[in-house]
Amino acid sequence: MSLNAERSYKMKLRDVENAFKYRRIPYPKRSVELIALLAISCTFFLFMHTNKLNSRLKEMEVKLQPSEFSALGLTGNHISGHDAGKHDDINTLHGTYQYLKSTGQLKHLTTAQLNNTPRAQLDTIFFNRITKTGSEKMMELLKILGKRNNFEPRRDAVGFYEVVLMDDGYTKNFLRTDVLNCTTANTYTKHVAFIDFDRMDEPWPIYINLVRDPIERLVSWFYYARAPWYLAERVEVFGDAVKMPSIEWLKKDFNNCIEEQDPECVYEQMELGNVGDHRRQSLYLCGQVQEVCMPFNSHEAMQRAKKNVEEHYAVVGTWEDTNTTLSVLEGYIPRFFSGAKDEYYALKSQLRDVNRNMFRPSISDKARTILSQNLTREIELYQFIKHRLYKQYIALQLEKNPKLRG
């Protein structure tokens, strides 16, 4: 952005702010108020986040570098910017392969050990989607695959509030009226914490989910909630029920919020509130037992989430390893995901930008360090899930090429 353009943006932003601050114009009707706030929000994003394109280009350069894993025929997706030069890190695909090989586990690794799909009692996929993990993209892919593989993609009704935690009565009614009421092959998608179908005395579906780096997920929500298109969509759907945010709140910077310990960006250990900022990725995998799953960054919640993933989820993937995730979905749930890679890459331009905030700035090293210290168990759970995904992918490759067992 040129210097003149920056000055122009600053002047426009200051003029609008002053107009409201000193009331040289009266507070307008709701529609005009929305337009003004959206204009300010758009201007702010454009001015503050022009460095995003440069950082994305650098990231793409790293992703395009050939991985040494490709020599083994095991390239899943790419080595990310954080993993470049760390191929033996157990949190990477190559590192997982080397770990399994060095510990002797590779010789005995099979897909049967890691495949929960045969345990399902229904021809239903239950995608209890975690917020801010790219679930909208998966929902679009399911629509496309439904036509290809002859199943019905379904989802919950859009509501002002998401019902993530339910009591037993609510859960039982929800399962019978929404999830278990389809007699043909289908998928059902909803933001909801893990439900124990045994406890509800109901047959098990095929569980899937997506996760995301916990820090990136928090940053994403912080700016997504301030994005003009998100505010406009909420007002369009819910009208006067939506409370318009202040200009000061719209202009808030995440790095400053973390470093200055703004109440919005303080993550106290074991606290029970702040469900709305989606700090608990583990909640969706831990379950409906609030005293266990609600305490933030809890060891017990993390352990229960790990257990549920191991025992009940067919696949928990991540768009941060797109090809690995799609390959595992195809390999472990072929009835629904056959041809997933072909369909995804054929429509990549449409699928990749669902709900994506192109103006989100980068997080500072200081803010990342602070968050890493406050999200220890959320990060451990995320790494555990990626390690499992990599094992599932490697097992598929070993079946195709037994020589890779070494």
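This is a predicted model: local features need pLDDT of at least 70, side-chain atom pairs count only at pLDDT 80 or more; totals for chains, interfaces and linings use all residues.
Start with the chain. It has 406 residues, and 49% of them count as buried. Its secondary structure consists of 20 helices and 5 strands. Take the contacts between residues at least 6 apart in sequence: 76% of these join residues at least 24 apart. The accessible surface comes to about 20000 Å². Carbon and sulfur atoms account for 51% of that surface.

Next, the interior. In soluble globular proteins, nonpolar side chains tend to be buried together. Here the largest nonpolar core has 38 residues. Met138, Val315, Tyr332, Ile333, Phe336, Phe337 and Ile394 touch the most other members. Helix H20, residues 376-400, gives the most to this core, with 7 residues.

Leave out residues up to four places away in sequence. Phe337 then touches Ile125, Met138, Leu142, Leu145, Asn149, Ile208, Leu329 and Glu330. Met138 in that list is itself one of the core residues that touch the most other members.

Beyond its neighbours within four places in sequence, Thr117 is in contact with Ile206, Ala314, Tyr332 and Ile333. Tyr332 and Ile333 were named above, among the core residues that touch the most other members.

Now the empty space. Rolling a probe the size of a water molecule over the atoms shows where such space is left. How many cavities of 30 Å³ or more does the structure hold? There are 2. The second largest cavity has a volume of about 40 Å³. Its lining is made of Phe127, Met138, Ile208, Asn209, Leu210, Val315, Gly317, Thr325 and Leu329. Three elements each supply at least two lining residues: strand E4 (206-210), strand E5 (313-317) and helix H15 (322-332). Strand E4 gives the most, with 3 residues. By type, the lining divides into 6 nonpolar, 3 polar and no charged residues.

Turn to the second largest pocket. Its volume is about 320 Å³. It is lined by 18 residues. Asp196, Arg199, Gln288, Val289 and Arg304 lie nearest its centre. Helix H7 (168-179) and helix H14 (299-312) are the elements that give two or more residues to this lining. The largest share, 5 residues, comes from H14. This pocket lining holds 6 nonpolar, 5 polar and 7 charged residues. The lining of the second largest cavity, by contrast, has no charged residues.

Is Val192 buried or exposed? Val192 counts as buried because its relative accessibility is 0%. Setting aside residues up to four places away in sequence, Val192 touches Phe126, Asn128, Arg129, Val163, Val164, Met166, Tyr284 and Gln288. Gln288 is one of the residues nearest the centre of the second largest pocket. The contact with Arg129 spans much of the sequence: Val192 and Arg129 are 63 residues apart there. In space, their C-alpha atoms are 6.9 Å apart.

Last, the backbone. Most residues other than glycine have a negative phi. Asn150 has a positive phi of about 60°. So does Asn297, also at about 60°. Where do these two residues lie? Asn150 is in the loop between helix H6 (135-149) and strand E2 (152-155). Asn297 is in the loop between helix H13 (290-293) and H14. Asn150 is exposed, with a relative accessible area of 63%. Asn297 is buried, with a relative accessible area of 2%.

Conventions:
Residues are numbered from 1 along each chain as its sequence is written. Side-chain values use heavy atoms; hydrogens and water are left out. On a 1 Å grid over the protein atoms alone, a cavity is a set of points where a 1.4 Å probe fits but cannot get out, and a pocket is an open set with protein on both sides within 12 Å along at least five of seven lines; lining residues have an atom within 4 Å of a point. Grid points are joined across faces, edges and corners, and a volume is the space filled by probe spheres set on the points. Helices (H or I, at least four residues) and strands (E, at least two) are DSSP runs, numbered from the N terminus. Ala, Val, Leu, Ile, Met, Phe, Trp, Tyr, Cys and Pro count as nonpolar, Asp, Glu, Lys and Arg as charged, and the others, Gly among them, as polar. A nonpolar core is a set of buried Ala, Val, Leu, Ile, Met, Phe, Trp, Tyr and Cys residues joined through side-chain atoms within 4.5 Å. Buried means under 20% relative accessible area, exposed over 50%, partly exposed in between (1.4 Å probe, protein chains only). Contact means heavy atoms within 4.5 Å. Accessible areas come from the Shrake-Rupley method with a 1.4 Å probe; for residues, only the protein chains shown count as cover.
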